[in-house]
Amino acid sequence: MNDRGWMLRCRDAGQGIWHGELKESAAPADGARYEAEGRWLVLSDGAGPDALPLAAQLADPDQPALVRQARACVAEFGLQVGAFRLSLQLGKPALPPLLAPAVRVVPLRSPTLAPHTCTNLYLVGEAQLALVDPGCECAEELSWLEAVLERLEARVDEIWLTHLHHDHVCGADTLRRRFAAPVRASARTAEDLHGRLKVDRLFDEGEILERAGQRFEVMTTPGHAQGHIVFRALEGGCMLVGDMLAGVGTVVIDPPQGDLKAYLSSLRRLCARQPSLLLAAHGPPIRDAVPRLEQLIAHRLRREAMVLAALRAASAPVLPRDLVPEVYAGYPKSVYAAAARSLLAHLLKLVDDGLARREQRRFMALGA
Ligand SMILES: [Zn+2]
């Protein structure tokens, strides 16, 4: 460490991961707590001891590219996970962050949607691991995964899927062959994947999975996808939520797999269990779990009210895309196609709730 370094600031290590950014900072005031504003790189203990050699590398003023990379990693994943992801890129894999008892994360590049670039592969267990959502096909990234497993001296014995989407399952076949580990999913996901990917064993609603002394309950949570499931730790409040929500931004509800009414009731079900940590398939861990779930429900209901008002104001039956400029006023045109899918999900829910009627592809308000 020298005075030309950078500082990765962690507001309070006791809070765990800070969704921080790389900041220029003054020399650290003391060994435990660092305030920003200067030019030091310090990874606080929130990032774990493995990150310290990494910090030394990043402090190298002759490596601006590395510093840029670090910024991007930390901005995308938060401090702890970002530092780990960077260690993979640098070819010196650190131990993957332990986010909850028996749950580690290895984010891997995947064919997913912006703003995300990775799918978080969760490692559940210790010596015997289940891999959750292997959504990466890239040989280089999978070789990093192997290096990480070697460091952990762990063996993979199962592959768990939260749902059918490509950015969650595309590495499953490769990893099944590599580790001779069965692929498991819900019955509905297995059916939807038929012909694309073989599922070896099904999960049942309420099934309890034991890993390294921790018990996880399988919860069926349709909405983002019909066969979506969540793994809930029975102790400690951690949930592996797949695409029920994302660390950053919102998830797509795209009919017919997407069903907004089912989605909202699944979110309420998760909320009722009072989780304290949500581990999504994309983005950093979510520690304000219940407020985030409540915000998400409120956000969808606000949008629904806008859709209903726009539908009532329309003088003739409308196509979903007709309402986009009004309901998504202020959004760039580039999101209009996705917004039209989301609007369709809202309109179908209004039909289901008896507030709208559908005639072929057009919708009109009922009553009022
Ligand atoms: Zn998905």
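Reader: Where is P256 found in this structure?

Author: Welcome! This is a predicted model, and in it P256 sits in the loop between β13 (238–242) and α8 (260–272). A cis peptide bond joins P255 and P256, with omega about 5°.

Reader: What makes E153 exposed?

Author: Let's set its value against the cut-off. E153 has 8 other C-beta atoms within 10 Å, so E153 is exposed. You will find E153 in the loop between α4 (139–152) and β7 (155–160). Its phi is near 50°, a positive value in a residue other than glycine.

Reader: Why is A212 called partly exposed?

Author: Partly exposed covers what lies between the exposed limit of 12 or fewer and the buried limit of 20 or more. A212 has 13 other C-beta atoms within 10 Å, and therefore A212 is partly exposed. A212 lies in the loop between β10 (208–211) and β11 (214–220). A212 is not a glycine, yet its phi is positive, about 45°.

Reader: Which residues have the most contacts inside the largest nonpolar core?

Author: They are Y122, L131, V132, V230, V241, L278 and L279, in a core of 90 residues. Helix α11 (residues 336–352) gives the most to this core, with seven residues.

Reader: Which residues is V241 in contact with, leaving aside its neighbours within four places in sequence?

Author: With those neighbours set aside, V241 is in contact with V230, L270, L278, L279 and A280. As a general background, nonpolar side chains tend to be buried together in soluble globular proteins.

Methods
Residues numbered from 1 in each chain as written. Predicted model: local features only at pLDDT ≥ 70, side-chain atom pairs only at ≥ 80, totals over all residues. Core = buried A, V, L, I, M, F, W, Y, C linked by C-beta atoms within 7 Å. Helix = DSSP H or I, 4+ residues; strand = E, 2+ residues; numbered from the N terminus. Contact = placed C-beta atoms within 7 Å.
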